[in-house]
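I opened this model today to look at one strand and its surroundings. My entries follow.

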Amino acid sequence: MFKTLLADRETIENKYHLQSEPFDHFNRMYYHGYDYDPTTGMDDDELKQKLAEYAKTIEHLSHPVIKAKLFEFVLDNTRIDVNEHDYFIGLYSWGRVISPHTVHKWAGELNDKLKSDTTLMQDYNKAGVCYGWLDYDHTVPDWDSLCELGFSGVLERARNSYNKHRENGTVTEKMEEFFKGVEIEYQAIIRFIDRLYKYSLTKSFEKAPIISECLKNLRDGAPKTTLDVLQLIYIYFMLSESVDHYQVRSLGYGLDSTLLPYFENDVKTGKFTKDEIAEFIGYFLMQWSAINNYWGQPVYLGGRTATQKTLVNELSYMVLDVYDKLGLYNPKIQIKTNADTPKDFVLKALDMIRHGNTSIVFCSDSAITKSLMARGATYEEACDSVLSGCYEYKVKAKGIGISCIYFSALKPVCMVIDSGFDTVTGKQISIKTKDASEIESFEEFYSLYLLHLKHLYLSYLAAIRPHEEQIQTINPSLMFSATIPDCVNSLTDAIDNGIENFSGGLISGLGSAIDSLMGVKELVFDKKLLTLPELKKALDNNWEGYEKYRLIVANSRLKYGNGNEAADLFAPAIVKYFDCCASSLKNGHGYNYSSPELHSARAFVIHGEATKATPDGRFAGQETSKNASPAPGADKSGITALVNSVTAIETTLCASGSCLDAMLHPSAVQGEDGLEALYAVLTTYQKQGGHSIHFNIFSPELLRDAQEHPENYKNLQVRVCGWNILWNNMDKKEQDAYIQRAESISY
């Protein structure tokens, strides 16, 4: 098994970025690899030039049609590849080449029109308060429709709906333009696959007949084999992410569940052996490993039905086996676990983490079900949910985010101390409140904290709302919407209320905010070691001259993550207050804001860089806490105390998800007893209502050595937030934070 794949691995890795280029893993969709056959289409420069010329000739058309025609131009004219070293096709132009003429152009025009709102958003971003964007990053197509109908069937379904509306006289101009765009894009997809099929017929290498049959099946209808489904998922992903400008955040509705009926039929009929299917899965997973973008590509396994039947199956084990044997860290694996998940499957994944494969996150089915039901889903819908991001989840084919807003829970602490003035940007970014010398109690300080939190968050929502209103004009979601039955039935774009259009508020720095509030309480109001003006001066000076006071709060156990009742009361209180701030508001499309999510992405770094020194002992520019986790070095009372702190936040308060980053010393999880201990941490966390959890298992000695001798640790993986990266791809400041956390753990 994998003999062929291992021989082909270098070619697959070169498929996405040339070795001679300085690769930037933040720049996710702007690379391609080796040159393709020049007879199959245009090179980069010619395609961009011709595309720009063509875009000018169609400027008078509607936005959906303009986008569709540019999408069509790329698919008709890009170079293609069918390679002897891969089962998966090659798309040459995957640099989002139509975006300068669509989403970037139209967003720029809207920003100019909404200049005052755009300026406020930019100021908040620079100040480390909040940043957000219109969300094209968390789509999950209806994989059921794609697998049952294929690309041609999806198009035929849209045509049938259009004809029905036309017969009934219910086609509006907007519906007409939406359908035109869908038809153009899906016709282009089918022609693109036909080009690939015909090109494959010119090849005589060993894989060619298998690839040809697969492409013929996908050109003509629904997938028939396991390879067909994998190829369909891959083609949809590449075209959506690379041309249509919509990220695809799930590879099937659970890769193991999506593939299972095809796998069983292939084995039963003798079409493919289990070893051959394992190799197909290996080639499939290698595509995302080779793309190697910073955020990683999610793929989830497991889950359960509404009748409490586990969805873990033979393929679930096979995917983990293949992933582990290939030594991958991208795609990142999410495992939906519950009381019915086979223990040996969970232990297998935990053992992979123990020996270095940290790109696995466990997501609690119980928490997901409870949270989605709190948002209005039925029990059956909540059980049959889809993971749609790093930790996020939603009901299948029923909702889509139109904006994503990361808010710093820490920044309002600074606003209280500085009366709403931001010392980083030199601007009054919040309301002017009492001078530090006038605040007489911790209760008053905390009340002002909530006042600034509410003002800042609601100001940002007011600024982004006019942008939300126009999202469908900036980036019509034609390829995605055509997969969604409700959108097809109404001939309405998904991001134009074709399905529920919600907006997400995400909290970053919660642990740091709590620790800073506790620092003010301890230093100023309880022990009276400093006055608040003196603390302000210490923070303005980045603690210089006040080191003994910094060490008091830095080493205090009155911090979130230690099971301390006083500190832990603030976590659910702040999350609930944040939720209540927007609970009565509607976004730009008239839907409620979703309950807050404790997921930071890179906000813990970005916000930290723009935030002065804070009362928790943190220096200016240092990262803040991330996800639902404590600040680096704050949790010193053991894993049980940490779990108790995080699960003090009731599940439905974070109805869009949250995650705990748990770091353990290798000595705590050695041997069979250690594996059982790790399993106990996971099950306890989820029984107490925890959402998602992932583990970093490192000693500080290993991390320090890796920092000093990076050449010896080329494959060392680190779980950053919702993704993994290689240790050597992190900058020193981020590495130092991991070392600090590893040095503080006592478990």
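**Entry 1: strand β14**

I started with the side chains of β14: Ser692, His694 and Asn696 point one way, Ile693, Phe695 and Ile697 point the other way, and all are buried. I kept in mind that this is a predicted model. How many residues of β14 are buried? I found six of its six, so the strand, residues 692–697, counts as mostly covered under the cut-off of 20% relative accessible area.

**Entry 2: strand partners**

Next I asked which strands pair with β14. Strand β13, residues 659–664, runs parallel to β14, and six bridges join the two. Within that pairing I found Leu660 bridged to Ile693. I then followed the chain from β13 to β14. It passes through helix α28, residues 671–687, and this β-α-β crossover is right-handed.

Strand β6, residues 360–364, also pairs with β14. Here the direction is antiparallel, with two bridges.

**Entry 3: the core**

Which residues have the most contacts inside the largest nonpolar core? I found Phe362, Tyr449 and Phe695, in a core of 256 residues. Helix α7, residues 173–200, gives the largest share of this core, 14 residues. Nonpolar side chains tend to be buried together in soluble globular proteins.

I then listed what Phe362 touches, leaving out residues up to four places away in sequence. Ser692, Ile693 and Phe695 are among its contacts. I also wrote down Ile335, Thr337, Val346, Ala349, Leu350 and Ile353. Leu682, Gln686 and His691 complete the list.

**Entry 4: backbone checks**

Where does the cis peptide bond at Pro331 lie? It runs from Asn330 to Pro331, and omega is near 10°. Pro331 sits in the loop between α12 (314–326) and β5 (332–337).

I also looked at positive phi values. Gln308 is not a glycine, yet its phi is positive, about 70°. I placed Gln308 in the loop between β4 (298–302) and α12. Ala601, another residue other than glycine, has a positive phi near 45°. Ala601 lies in the loop between α25 (570–582) and α26 (603–609).

Is Ala601 buried or exposed? I noted it as buried, because its relative accessible area is 9% and the cut-off is under 20%. Gln308 has a relative accessible area of 32%, so I noted Gln308 as partly exposed.

Methods
Residues numbered from 1 in each chain as written. Predicted model: local features only at pLDDT ≥ 70, side-chain atom pairs only at ≥ 80, totals over all residues. Heavy atoms only, no water. Helix = DSSP H or I, 4+ residues; strand = E, 2+ residues; numbered from the N terminus. Buried < 20%, exposed > 50% of the residue type's maximum accessible area, 1.4 Å probe, protein only. Pairing = 2+ DSSP bridges. Right-handed = clockwise from strand over helix to strand, strands pointing away. Core = buried A, V, L, I, M, F, W, Y, C linked by side-chain atoms within 4.5 Å. Contact = heavy atoms within 4.5 Å.
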